[in-house]
Amino acid sequence: MTEPDEGMTLIVKTIGRLVLNFILLFGIYIILYGHLTPGGGFPGGVIVATGFILLMLSFGRRIALKKFGDLAASLLDNLGALAFLIVAFLGFVGGYFFLNFIDRGTPFDLFSAGTLPLSNIAIGLKVSASLYGVFVALAIFGKAIVGGDRTGKGKAEGEPANSQEQKG
Amino acid sequence: MIVYLLTTFLFVLGLYCLVAKKNIIKKIIGVITMEYAANLFLILVGYKARGIAPILTKGASKTEFVTKSVDPLPQALVLTAIVIGLGTIALMVALCIRLYERYGTFDMSEIRRLRG
Amino acid sequence: MNHILPLFIAFPLGAAFLMLILAKLWRRIGGLFAFLISLCLVIFSISNIGKEPSIYRMGNWPPPWGIVLVSDGLSTLLLLTISVIAFLVIIFSLQYMDRYTAKPKYYALFMLLVGGMNGVVLTGDFFNLFVFLEIASIASYALVAFGCEHEELEASFKYLILSGVASTFILLGIAILYSLTGTLNMADVARTIGTKGVNSAVLFCTSLFIMGFGLKAALVPFHPWLPDAHPAAPAPISAMLSGVLIKALGVYALIRLIFNVFGLSSFISSVLMVLGGLSMVVAGLLAIGQDDLKRMLAYSSISQIGYVVVGLALGTPLGIVGGLFHLMNHATFKALLFLSSGAIEYSTDTRKLSLMGGLSQRMPVTTTSATVGFLSISGVPPLNGFWSKLIIVIALVQAGHYILASVAVLVSFLTILYFMKVQRNLFFGDLPAKLAKIKEVPSLMRIALVVLAIMCLAMGLLYPLLSSTVLNPARDVLLKGTAYVQTVFGL
């Protein structure tokens with residue numbers, strides 16, 4: 001058996017192990033179907049992040065950080081933001097920043113709506129990594145002030161474009 | 001009308017909490033309350049009695065959708081405002097942890113090195 | 001269609017995130033990257049001067065539905081100020097920030113600050129304005145707390161709470177405005193208000209915005225965060241905050257909304273003039289008693305912002321030119337003074353005026369440049385501060401505000417008074433034994449100081465050139481008021 005500080009009881013660990021995959025799957029579903037159903041990058045990203053937070057709560061920090069370390073979180077966080085900007089820059093292919101340059105396809109198909117799914121994936125990546133990063137920073141290190149706020153801002157940068165496209 | 005008054009009440013409650021309480025955690029709660037009152041107001045702006053969710057599904061009639069659905073824009077705005085609020089709150093809490101580390105207290109009246 | 005406009009926002013934001021990834025491979029990349037990006041921004045903003053007003057449709061959505069970026073005379077002026085000051089401050093930080101750890105994070109936050117400010121200046125959409133405002137504000141909260149010592153944390157927390165309240169007021173104002181007009185595009189809102197007329201709900205919105213943006217600009221009843229927050233930050237950041245942040249987030253947003261969206265009425269004008277006059281006098285008086293150099297500079301910032309607001313709120317062509325010119329000048333000399341204070345702190349490790357003296361023997365370059373800054377802010381003739389204050393005072397006299405004009409002149413004397421005190425305590429007198437071994441600051445820091453000092457002189461002497469290229473187009477934007485609508489929809 002494990003030491004006392006390594007996570008919670010066996011019951012929690014077993015249930016957590018069972019539920020975790022479904023939580024992640026549901027989060028990814030919400031991200032991928034963001035342009036068709038309620039949801040999108042931000043809610044899906046939050047769900048994915050809660051999955052990892054559950055992992056950390058039930059199994060303790062050592063195992064969770066081995067699966068998804070804080071360095072990886074900050075890297076993915078920045079990559080997500082960059083991916084979003086790249087999608088925006090690719091709009092210059094059609095002549096405009098943020099232009100939806102891919103063929104929109106038929107409505108209600110999974111592969112439709114042009115760049116929207118791509119930006120949703122980027123935002124989902126960003127939000128899940130940064131929320132997990134905030135949790136790690138606040139709960140464990142208690143010191144990473146700069147880490148904590150940087151993530152918040154990145155999302156603020158990612159989201160307006162999201163709302164802008166919903167507006168359009 | 002009563003809902004707007006309640007929103008205003010919530011806003012003022014947050015402001016009171018921010019001004020009157022000395023504990024910095026309670027001050028943060030005050031700021032959050034104010035923010036959420038503003039968000040609630042924004043959502044209420046888009047409210048429509050007996051409205052439907054602004055999501056177009058396969059096979060739904062477009063005229064019914066246009067006449068009945070609530071305004072989606074405030075919802076998008078509130079989502080963004082919540083995200084921004086989340087960033088601010090994360091920073092506030094991080095600052096609180098650091099302040100506690102330095103001063104050993106959450107009492108704002110004891111955290112007073114700056115004067116003048 | 002001007003394709004440079006989105007790059008003003010996208011470049012700094014992209015650089016901030018890319019920098020953090022690349023910094024894991026090579027630690028020094030942050031400074032280099034920030035230098036290159038800010039150089040790019042300076043080139044872009046200079047190339048933007050003199051162009052016709054233009055809009056940029058994000059994603060090719062036409063104005064009332066999509067987000068537009070609007071570039072006219074006023075935003076060109078602010079973009080130029082932001083990018084030039086940011087560039088010089090980056091040069092200064094390259095060596096100054098050696099005292100701190102986590103440099104990539106510093107430069108990333110700096111880039112987010114610049115990106116947010118550029119966004120605020122360019123956007124033509126209310127909610128977008130709020131988002132960029134928050135990006136710049138959150139970056140500035142973190143930068144104020146960058147040192148992580150007692151004072152920094154306390155100042156940052158105060159700033160965060162007050163500024164958070166301001167943001168909430170602004171959000172509430174936007175919500176009410178949306179419920180009144182059903183649109184978020186600034187030009188569309190202006191058009192709707194123009195046809196419906198100004199009612200009490202619009203006035204309530206205006207007051208919410210004056211409260212919110214006034215708090216960000218630190219006008220006097222809303223000022224208490226500034227004298228704590230600006231001195232606590234690292235010196236380059238103080239220069240950015242005092243030099244451009246309070247202007248881009250506070251003054252610019254306020255005048256853009258009041259002149260171009262709501263239309264300036266005599267009531268609003270007099271409210272703003274009272275706030276501005278109060279700021280001048282109260283902050284000027286409070287500055288005299290300070291012993292901390294940076295704290296005194298922070299109070300003097302509030303006082304000078306008072307001049308800017310008074311000039312702009314006057315609403316006459318001369319007053320607006322004076323206000324805008326003083327805005328640019330204040331950015332220059334306040335950045336110079338805060339950087340000088342940083343240089344002095346770098347060499348002597350103290351900010352207390354009573355512990356210093358005789359620095360002119362050891363630090364000739366810093367002394368000279370700081371003296372230029374002091375003379376300029378006090379309004380001594382050939383330098384830029386004199387001209388802008390003169391224009392504001394003349395405009396006040398022309399408009400018949402004799403009391404305010406005499407107050408402006410008196411506060412100018414007050415400014416000379418407290419900077420004379422600083423000058424005597426810092427640079428003249430005997431060198432304390434403790435400071436006998438101090439050295440002049442490194443070369444890059446000196447370059448930034450000298451360039452800013454030369455700019456102070458040049459902007460005073462080359463006023464005609466500046467006024468025809470930058471100031472007059474900006475003045476016309478404000479004078480035409482709600483003709484802003486035609487700029488956005490007519491193109």
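Are C:Asp228 and C:Arg295 buried or exposed? The close-ups below come from a predicted model, in which local features need pLDDT of at least 70 and side-chain atom pairs count only at pLDDT 80 or more, while totals for chains, interfaces and linings use all residues. Residues are numbered from 1 along each chain as its sequence is written, chains are lettered from A and ligands numbered from 1 in the order in which they are written, and side-chain values use heavy atoms, with hydrogens and water left out.

**View 1. C:Asp228 and C:Arg295 meet in a salt bridge.** Here is the reply to our opening question: C:Asp228 is buried, and so is C:Arg295. Buried means under 20% relative accessible area, exposed over 50%, and partly exposed in between (1.4 Å probe, protein chains only). A salt bridge is a side-chain nitrogen of Lys or Arg within 4 Å of a carboxyl oxygen of Asp or Glu. In this pair the N to O distance is 3.2 Å. C:Lys158 joins C:Asp228 and C:Arg295 in a network of salt bridges.

**View 2. C:Asp72 pairs with C:Arg256 in a salt bridge.** The closest N and O atoms are 3.0 Å apart. C:Asp72 sits in the loop between β2 (68-71) and α3 (73-96) of chain C and C:Arg256 in helix α10 of chain C, so the pair ties together parts that are 184 residues apart in sequence. Helices (H or I, at least four residues) and strands (E, at least two) are DSSP runs, numbered from the N terminus. C:Asp72 is buried, at a relative accessible area of 3%, and C:Arg256 is buried too, at 2%.

**View 3. C:Asp476 forms a salt bridge with C:Arg475.** The closest N and O atoms of this pair are 3.3 Å apart. C:Asp476 is partly exposed, with a relative accessible area of 30%, and C:Arg475 is partly exposed at 21%. Over all chains, the whole structure has 12 salt bridges.

**View 4. C:Met117 belongs to the residues with the most contacts inside the largest nonpolar core.** A nonpolar core is a set of buried Ala, Val, Leu, Ile, Met, Phe, Trp, Tyr and Cys residues joined through side-chain atoms within 4.5 Å. This one has 253 residues, and helix α10 (residues 235-262) of chain C gives the most to it, with 20 residues. Leaving out residues up to four places away in sequence, the residues that C:Met117 touches include C:Ile82, C:Met240 and C:Leu249; contact means heavy atoms within 4.5 Å.

**View 5. B:Arg102 and C:Glu149 meet in a salt bridge where chain B touches chain C.** Their N to O distance is 3.8 Å, and the count between these two chains is 1 salt bridge. Around this pair, 37 residues of chain B are in contact with 34 residues of chain C. The buried area is about 3,300 Å², with 78% given by carbon and sulfur atoms; buried area is the accessible area (1.4 Å probe) that two parts lose on being put together, summed over both.

**View 6. C:Cys148 and C:Ala218 each have a positive phi.** Most residues other than glycine have a negative phi. C:Cys148, with phi near 60°, lies in the loop between α5 (126-144) and α6 (150-181) of chain C. C:Ala218, with phi of about 60°, is found in the loop between α8 (200-217) and α9 (226-232) of chain C. C:Cys148 is buried at 14% relative accessible area, and C:Ala218 is buried at 1%.
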